[in-house]
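Work through the exercises below with the sequence and the model open. Try each task before you read its solution.

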There are 2 protein chains.
Amino acid sequence: MSVVIALDVMGGDRAPEIVIEGADLALGRNPELRFILFGDEARVGPLLAGHPALRQAAELHHTPDAVAADAKPSAALRQGRNSSMRLAIDAVQDGRAGAAVSAGNTGALMAMAMIVLKTLPGIDRPAIASVLPTKRSPVVFLDLGANAVCSAEMLFQFAVMGEVYARAVLGVAKPRVGLLNIGTEEVKGDGVVRSAAALVRDSGLPIDYVGFVEGTGVTAGTVDVVVTDGFTGNVALKIAEGTASMFTHSLRQVFESSLRAKLGYLLARPALRGLRDRFDPRLYNGAMFLGVNGVVVKSHGGTDSVGFAAAIRAALDLISRGTNERIIEEMGRVAIPDEADGDAAKPQAATG
Amino acid sequence: MSVVIALDVMGGDRAPEIVIEGADLALGRNPELRFILFGDEARVGPLLAGHPALRQAAELHHTPDAVAADAKPSAALRQGRNSSMRLAIDAVQDGRAGAAVSAGNTGALMAMAMIVLKTLPGIDRPAIASVLPTKRSPVVFLDLGANAVCSAEMLFQFAVMGEVYARAVLGVAKPRVGLLNIGTEEVKGDGVVRSAAALVRDSGLPIDYVGFVEGTGVTAGTVDVVVTDGFTGNVALKIAEGTASMFTHSLRQVFESSLRAKLGYLLARPALRGLRDRFDPRLYNGAMFLGVNGVVVKSHGGTDSVGFAAAIRAALDLISRGTNERIIEEMGRVAIPDEADGDAAKPQAATG
């Protein structure tokens, strides 16, 4: 049975080339894929000519409009109704595609996904989620930046969605769920994170909630799902990326610093390749907008075809494992927690 | 001229041994140091016997009490009046010592420092600051966990203190100061960080404020001072530590994975040592409680003598550069900003 995915062919720093090449790579691995491509025919047509298998598996819808990388979400919403990004999301809304994938402007993509697809029942706001490497197995990390300020209710909903994702897509039988905090003791952190802990504990859901987890616990792999607000999550993600980049940069300098070090590098190279592959950010590409009523995946804007293929794979997994249906089911089981009446649990203004 | 530093000899996982050895190391490098040691004479006395130079430069005050690593700050305040930690802070308060250094319980140390020493004029709450490596020059990062929730006023005060520290201690002529955020555009983030930006801009101080900085910008070294709330800062610090640890752990595995890789390691080892030294967390040990009316430095609880010596050096630098006097002077120059009347600039409840 085929799975149809709508692609914003014009989104991202290296579009449309890497989008077409990424789709071709993904198709090679998952022949059940079919694509609806939204983009500029004059640029996309010649690229498709070079990929006959993909041309067979794809239909191209011409549109001259694209959302600029620096467009404000509100402007993209008003002016981008005929953009490649918006048309890809529309294709999910009207059922022609099971998912939309874009490497374009994150804020615009989130705004369009919210306006066109709305949120799942029981979910107030979607979260951006991604899978990241740790010392042990990968961790589902959310929210990575959709909501700078979160209420306890929102964090609770993120926990439910992240747990379902770890089960459905990563195949973890009983995911360990933690709330990111500045200490593991129950008294740590602000009122929001403490209220969210109470909501998870009292939800009646069979979530394996392990309590608060610190930054070092996340990278150590002590949990399968880690939940935080979009401000903290975005900073944490970018600090982790930056630290990894600083380290690889310095390692490269070391191996170039002397003839002896160069020889050492040549000997260790096959083993070092394994390290590179394990932490290759391209393989973890594809951030999910969990909580949107439809599957929308955001690729890193600067990725290459290998990374874009990983984002398509993330979308395919979300569809084929019925992730959204399982989130709806789970949210339907939530007990009404009396404790949610406290001040700290009340939603705060959510600004992006 | 001698500089007197009070040491909590009983604080930390490996006390009192590493405290005494660290003090001895520091004294070897800075012969002007004098120490007042607070701790259990039965344990500290024999250690001092093995370090005659240090014994000459130190006086030991016996106390049998120590603050437990897991003690709540409130309990430590009530029950720890005769503890090695409290007596070291008392020595700063009554002028016998220019600074106190402890590797003990962070929360208790902060609570005692606040109660005994109070804050500097113009400063509402102290921040925990540390110097961290980046791709370029080191960055002053605060708050690392003293205040889970911060008002815009607090972030502004942290910016002033961090800027003075970078000038006074790191010797940066015109430190670039940034506010940590989830994007560099002015509209990004929550109301607090946007109001803090306005306070820094409108302060009338000659601060080289460069605007918002993202996590990747911090590690890239785009600023000399980065300011954030204690929740985000603590998570960011621990994610960075965890990512670095994950990386070095994996690198060690790589070099042990085959005979060929082992040979490569042996060849590259001298060069790799340079890398290790550059990012050695012990050399960055010593978190400053900026804003306390007195110099208090917190050493990592699990550090060794090299790390503890670095914390003593941080305290010595804070004293000898007159950092606190310069912060007072700077805060005295702040223009009263009209914009601070907005809702978002009002202090929120600060819970640790």
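**Exercise 1. The sheet of chain B**

Task: find the order of the strands in the open sheet of chain B.

Solution. Chain B has an open sheet of 11 strands, ordered 3-2-1-4-11-10-5-6-9-7-8, and its pairing is mixed. The edges are strand 3 (58-62) and strand 8 (208-213) of chain B, which each pair on one side only. From one strand to the next, the twist averages 25°. Strands (E, at least two residues) and helices (H or I, at least four) are DSSP runs, numbered from the N terminus. Two strands pair if DSSP finds at least two bridges between them.

Before you go on, note the ground rules. This is a predicted model: local features need pLDDT of at least 70, side-chain atom pairs count only at pLDDT 80 or more, and totals for chains, interfaces and linings use all residues. Residues are numbered from 1 along each chain as its sequence is written, while chains are lettered from A and ligands numbered from 1 in the order in which they are written.

Now take one pair. Strand 1 (residues 3-8) and strand 4 (residues 99-102) of chain B pair in the parallel sense, over 4 bridges. Opposite D8(B) stands S102(B), in strand 4 of chain B.

**Exercise 2. The sheet of chain A**

Task: say which strands stand at the edges of the sheet in chain A.

Solution. Start with the order. In chain A, 11 strands form an open, mixed sheet: 3-2-1-4-11-10-5-6-9-7-8. Strand 3 (58-62) and strand 8 (208-213) of chain A are at the edges; each has a single partner strand, so one side of each lacks a neighbour in the sheet. Next, look at strand 2 (residues 33-39) of chain A, which runs parallel to strand 3 of chain A and is joined to it by 5 bridges. There, F38(A) has H61(A) in strand 3 as its bridge partner. Helix 1 (residues 17-29) of chain A lies across strand 1 (3-8), strand 2 and strand 3 of chain A, at about 175° to strand 2. Such angles run from 0 to 180 degrees between N-to-C directions, and axes are lines fitted to C-alpha atoms, for helices over the stretch in contact.

**Exercise 3. Where the chains touch**

Task: how many residues of chain A are in contact with chain B, and which helix of chain A gives the most?

Solution. First, count. 52 residues of chain A are in contact (C-beta atoms, placed from the backbone, within 7 Å) with 52 residues of chain B. Helix 9 (215-220), helix 10 (230-255) and helix 11 of chain A each supply at least two residues to this side of chain A. Helix 10 of chain A gives the most, with 22 residues. Then sort by class: the side of chain A has 26 nonpolar, 19 polar and 7 charged residues. Here Ala, Val, Leu, Ile, Met, Phe, Trp, Tyr, Cys and Pro count as nonpolar, Asp, Glu, Lys and Arg as charged, and the others, Gly among them, as polar.

**Exercise 4. One helix pair**

Task: describe how helix 11 of chain A meets helix 10 of chain B.

Solution. Two packed helices are described by the angle and the distance between their axes. The axes of helix 11 (residues 259-279) of chain A and helix 10 (residues 230-255) of chain B come within 9 Å and cross at roughly 145°. Residues of helix 11 of chain A in this contact include A268(A), L272(A) and R278(A); among those of helix 10 of chain B are L251(B) and F255(B). The contact's residues divide into 7 nonpolar, 2 polar and 1 charged.

Methods. Contact = placed C-beta atoms within 7 Å.
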